[in-house]
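The sequence and the structure come first.

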Amino acid sequence: MKGETTTMKEAATSKSGSMEEGSPSRLIDARINELGDWRGETLAHIRALIKQADPEVVEEWKWRGVPVWSHAGIICTGETYKNVVKMTFAKGASLEDPSGLFNSSLEGNTRRAIDIHEGDKIDEEALKALIRAAVVLNTSARAARSQKRPKSS
């Protein structure tokens with residue numbers, strides 16, 4: 001119905017006309033609404049799971065249109081393509097994945113991804129465990145870095 005859908009540009013554009021001044025959460029909302037298909041539903045679902053797994057998660061909007069979830073560093077991104085919604089974990093290669101969720105970008109030394117196709121069922125508990133593990137990794141890495149800094153006199 002006309003007027004009910006807010007495009008990303010409308011949600012993101014402030015009175016000054018700058019695309020980057022919309023809040024990241026509104027930009028992600030707009031992306032979900034703009035997709036209007038299984039990809040939007042999937043992105044909304046993984047977003048909800050991320051927030052359940054880490055209520056302190058920070059939503060960001062980077063690289064000209066990529067939803068990013070962070071806590072003491074990037075946890076993961078939520079990219080949407082024609083045939084897949086891709087969750088890329090910034091430090092995925094350092095995470096245990098006992099449920100075998102990672103199914104993409106397996107060759108790299110740092111990132112790992114989960115490609116979700118139309119009709120795929122998401123193992124919600126395993127995904128939330130992976131998100132919590134990424135937060136622990138980020139927060140432990142930050143703590144280790146702060147302990148290594150010399151104290152000023």
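Q: Alanine 72 lies in the loop between which strands?
A: The model is a predicted one. In it, phi of alanine 72 is positive although the residue is not glycine, with a value near 60°. The loop that holds alanine 72 runs between β2 (66-70) and β3 (74-80).

Q: Is serine 105 buried, partly exposed or exposed?
A: Serine 105 is located in the loop between β4 and β5. Its phi is near 55°, a positive value in a residue other than glycine. Buried would need under 20% relative accessible area and exposed over 50%. Serine 105 has 31% relative accessibility, so it counts as partly exposed.

Q: How is the aromatic pair of phenylalanine 89 and phenylalanine 102 classed?
A: The count of aromatic pairs comes to 1. Phenylalanine 89 and phenylalanine 102 form this pair, with 5.4 Å centre to centre and 80° between the planes. Planes over 60 degrees apart count as edge-to-face, so the class of this pair is edge-to-face.

Q: How many residues apart are phenylalanine 89 and phenylalanine 102?
A: Phenylalanine 89 is in strand β4 (residues 85-89), while phenylalanine 102 is in the loop between β4 and β5 (112-116). Phenylalanine 89 is buried at a relative accessible area of 0%, and phenylalanine 102 is buried at 10%. The pair links distant parts of the chain, and the two residues are 13 residues apart.

Q: Which residue lies over the face of tryptophan 63?
A: A charge sits over a ring only if it is within 6 Å of the ring centre and within 35 degrees of the ring normal. At 5.8 Å from the ring centre of tryptophan 63, the residue over its face is lysine 62.

Technical notes: Residues numbered from 1 in each chain as written. Predicted model: local features only at pLDDT ≥ 70, side-chain atom pairs only at ≥ 80, totals over all residues. Heavy atoms only, no water. Phe/Tyr/Trp six-rings, centres within 6.5 Å; stacked < 30°, edge-to-face > 60°. Helix = DSSP H or I, 4+ residues; strand = E, 2+ residues; numbered from the N terminus. Buried < 20%, exposed > 50% of the residue type's maximum accessible area, 1.4 Å probe, protein only.
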